[in-house]
Amino acid sequence: MNTTSYVAREPDAHGHIHYPDAEHAVWQTLIERQLKLLDGRACPEYLAGIEQLDLPRERIPQLGEINRVLQAATGWQVARVPALIPFQTFFELLASKRFRSPRSYARRKSWTTCRNRTSSTRSLATARCSPTRGSPSSPTPMASWAWQRARRSASISRGCTG
């Protein structure tokens, strides 16, 4: 069985993660590769979202940068989480309009076989390409469902039935 070696980077007191140059180089290679593959494959809304995010090519973006654009464009944000989270946490994040973004990243020696997509590029596309996406006052059906699911899970864990 193949395993992928991951490294978790923790933010400093200001929420900034200091990545080594080697990881920025991996980011640059991957983002450039992925962006070349989009033409003719991605919906116009996805392409508009990628353009609006204006992800840096030469360095890994910080979540704060991504969140400023996502929040303004969609009302959603990205939340830094451990690689694995409980179902309840996952649904609570969705209910509060936050996508999960694992704190760990693949080391260079395994990045060519890594199947994880970049959370930041997937996040805006998910919010923008949804044909049923709602406005800030009218959430998407998925967000409503996630919120109801999280609320129900919380009620069940407290012993409530409704």
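1. What share of the contacts in the chain with a separation of 6 or more comes from residues 24 or more positions apart? The figure is 59%. Keep in mind while reading on that this is a predicted model.

2. For a quick tour of the layout: there are six helices and four strands in the chain. Starting at the N terminus, the order of elements is β-α-α-α-β-α-β-β-α-α. Of the 162 residues, 35% are buried. The chain exposes about 10600 Å², with 52% of that supplied by carbon and sulfur atoms.

3. Now for confidence. The chain has a mean pLDDT of 74, and 59% of its residues reach 70 or more. Among the elements, helix H4 has the highest mean, 94, while helix H5 (residues 119-129) has the lowest, 46. The pLDDT is below 50 over residues 113-139, although this stretch still has 50 contacts in the model beyond near neighbours in sequence. Residues 155-162 also stay under 50, and there the model has two contacts beyond four places in sequence. Where pLDDT is low, the predicted coordinates should not be read in detail.

4. In soluble globular proteins, nonpolar side chains tend to be buried together. Here the largest nonpolar core has eleven residues, including Trp27, Ile31, Leu53, Leu55 and Val78. Two helices, H1 (21-38) and H3 (63-74), each give two or more residues to this core. H3 gives the most, with three.

5. Glutamine 62 deserves a look of its own. You'll find this residue in the loop between helix H2 (44-53) and H3. Is glutamine 62 buried or exposed? It counts as buried because its relative accessibility is 9%, under the 20% cut-off. Leaving out residues up to four places away in sequence, glutamine 62 touches Gly15, His16, Ile17 and Tyr19. A polar atom of the glutamine 62 side chain lies 2.8 Å from the backbone oxygen of isoleucine 17. Both Ile17 and Tyr19 are also members of the largest nonpolar core.

6. Last stop, helix H4. Which residues of H4 (residues 87-95) are buried? They are Phe91, Leu93 and Leu94. These residues cover an arc of only 155° around the axis, so they sit on the same side of H4. Just after this helix, lysine 97 takes a positive phi of about 60°.

Conventions: Residues are numbered from 1 along each chain as its sequence is written. This is a predicted model: local features need pLDDT of at least 70, side-chain atom pairs count only at pLDDT 80 or more; totals for chains, interfaces and linings use all residues. Side-chain values use heavy atoms; hydrogens and water are left out. Buried means under 20% relative accessible area, exposed over 50%, partly exposed in between (1.4 Å probe, protein chains only). The arc is that of the directions from the helix axis to the C-beta atoms. A nonpolar core is a set of buried Ala, Val, Leu, Ile, Met, Phe, Trp, Tyr and Cys residues joined through side-chain atoms within 4.5 Å. A polar contact is a pair of N or O atoms within 3.5 Å; within protein, one must be able to donate a hydrogen and the other to accept it, and residues adjacent in sequence count only if both atoms are side-chain atoms. Contact means heavy atoms within 4.5 Å. pLDDT is the predictor's confidence in each residue, from 0 to 100. Accessible areas come from the Shrake-Rupley method with a 1.4 Å probe; for residues, only the protein chains shown count as cover.
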